[in-house]
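Here is a short report on one protein chain. Keep the structure open while reading.

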Amino acid sequence: MAQPPEPRRHRPPGPDLRHRRLRNHLHRLRPHHQPLRPGAEFAIERGTLPPSDRAYYTLPVSHPEVPVINTCAAALDWVQRLESGESARTGDGGPGMAWPNISEVAATATALTTAENAQALTKLTYDQLQESIATQRPAVDLLIADLWDTIEYNLRHNDASSLRRKAREWGVVYQNDDGTEETDPPEPPPVP
């Protein structure tokens, strides 16, 4: 008789999935700090903006430099610099960045912050559940020991190898002296 297939196990969205979502938001935000490079730098090259406008974004005035953003904190820091620099620059009469505009940058930063908060909450929940499981461990260990003793007690009239084989059917695991799991001895060859 064929064995039924094992049921598929559902994996709830854990820290790995949340991390992927957070990373996706971070990747979406990276191009938004790039308007300094193509937008502002092209405007500086064309002469539309003076090189001194780089100072609004706390960038070196003397040469173009786009920062490396590889963490959420760095991305949010640069969003803050972009927002304050853009408001100061437009407040001084300069034109606003158009591609992307600062509201698009802020919307992506909000999505990143939301994903980061969700990930932090998921990590905290996961840690609390692990701690809860750890507190239940002593009671579960006693239950396992009771079941093991009951199984071996009910099979006590069998010889040792038969007892171990039958106990394995009930989930009892025996280990060899070297720590490896004991397996059934091979079947003897048939007698001619």
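The side chain of Thr122 reaches the backbone oxygen of Ala118 at 2.8 Å. Thr122 sits in helix 4. Its relative accessibility is 15%, so Thr122 counts as buried, the cut-off being under 20%. The model behind these values is predicted.

**The chain as a whole**

The fold has five helices and zero strands. Read from the N terminus, the order of elements is α-α-α-α-α. The chain has 192 residues, and 24% of them are buried. Its exposed surface comes to about 14,000 Å². Carbon and sulfur atoms supply 57% of that area. Consider the contacts in the chain with a separation of 6 or more: residues 24 or more positions apart account for 54% of them.

**Helix 4**

Helix 4 covers residues 102-154, which is 53 residues. From first C-alpha to last, helix 4 reaches 74 Å. That is close to the 78 Å expected at 1.5 Å a residue.

Where does the kink in helix 4 lie? The kink is at Arg137, shortly before the proline Pro138. Its angle is about 45°.

Several positions of helix 4 are buried. Val105, Thr108, Ala109, Leu112 and Ala115 are among them. So are Gln119 and Ile151, together with Thr122. Trp148 is partly exposed, with a relative accessible area of 29%. For Ile144 the relative accessible area is 46%, and this residue too is partly exposed.

**One aromatic pair**

How many aromatic pairs does the count give? The count comes to one. The partners are Trp148 and Tyr174, in an edge-to-face arrangement. Their ring centres are 5.7 Å apart, and the planes make an angle of 80°. The accessibility of Tyr174 is 12%, and Tyr174 counts as buried.

Helix 3 spans residues 72-91 and contains Glu86. Is Glu86 buried or exposed? Glu86 is buried, because its relative accessible area is 5% and the limit is under 20%. Which residues touch Glu86, once its neighbours within four places in sequence are left aside? They are Tyr57, Pro95, Gly96, Met97 and Ile102.

Ala73 is also placed in helix 3. Ala73 has 57% relative accessibility and counts as exposed, because the cut-off for that class is over 50%.

**C-alpha distances across the sequence**

| Pair | Sequence separation | C-alpha to C-alpha distance |
|---|---|---|
| Ala73 and Glu116 | 43 residues | 9.9 Å |
| Leu59 and Arg81 | 22 residues | 9.8 Å |
| Ile144 and Val172 | 28 residues | 9.3 Å |

Some context for the named partners follows. Ala73 comes from helix 3. Leu59 lies in the loop between helix 2 (37-46) and helix 3. With 11% relative accessibility, Leu59 counts as buried.

Return now to Thr122 in helix 4. Its side chain meets the backbone oxygen of Ala118 at 2.8 Å. A polar contact needs N or O atoms within 3.5 Å, so the 2.8 Å of this pair falls inside the limit.

Conventions: Residues are numbered from 1 along each chain as its sequence is written. This is a predicted model: local features need pLDDT of at least 70, side-chain atom pairs count only at pLDDT 80 or more; totals for chains, interfaces and linings use all residues. Side-chain values use heavy atoms; hydrogens and water are left out. Helices (H or I, at least four residues) and strands (E, at least two) are DSSP runs, numbered from the N terminus. Buried means under 20% relative accessible area, exposed over 50%, partly exposed in between (1.4 Å probe, protein chains only). Contact means heavy atoms within 4.5 Å. Accessible areas come from the Shrake-Rupley method with a 1.4 Å probe; for residues, only the protein chains shown count as cover. The expected span of a helix is 1.5 Å times one less than its number of residues. The bend at a residue is the angle between axes fitted to the seven residues ending there and the seven starting there. A polar contact is a pair of N or O atoms within 3.5 Å; within protein, one must be able to donate a hydrogen and the other to accept it, and residues adjacent in sequence count only if both atoms are side-chain atoms. Rings of Phe, Tyr and Trp (its six-membered ring) pair if their centres lie within 6.5 Å; planes under 30 degrees apart count as stacked, over 60 as edge-to-face and the rest as tilted.
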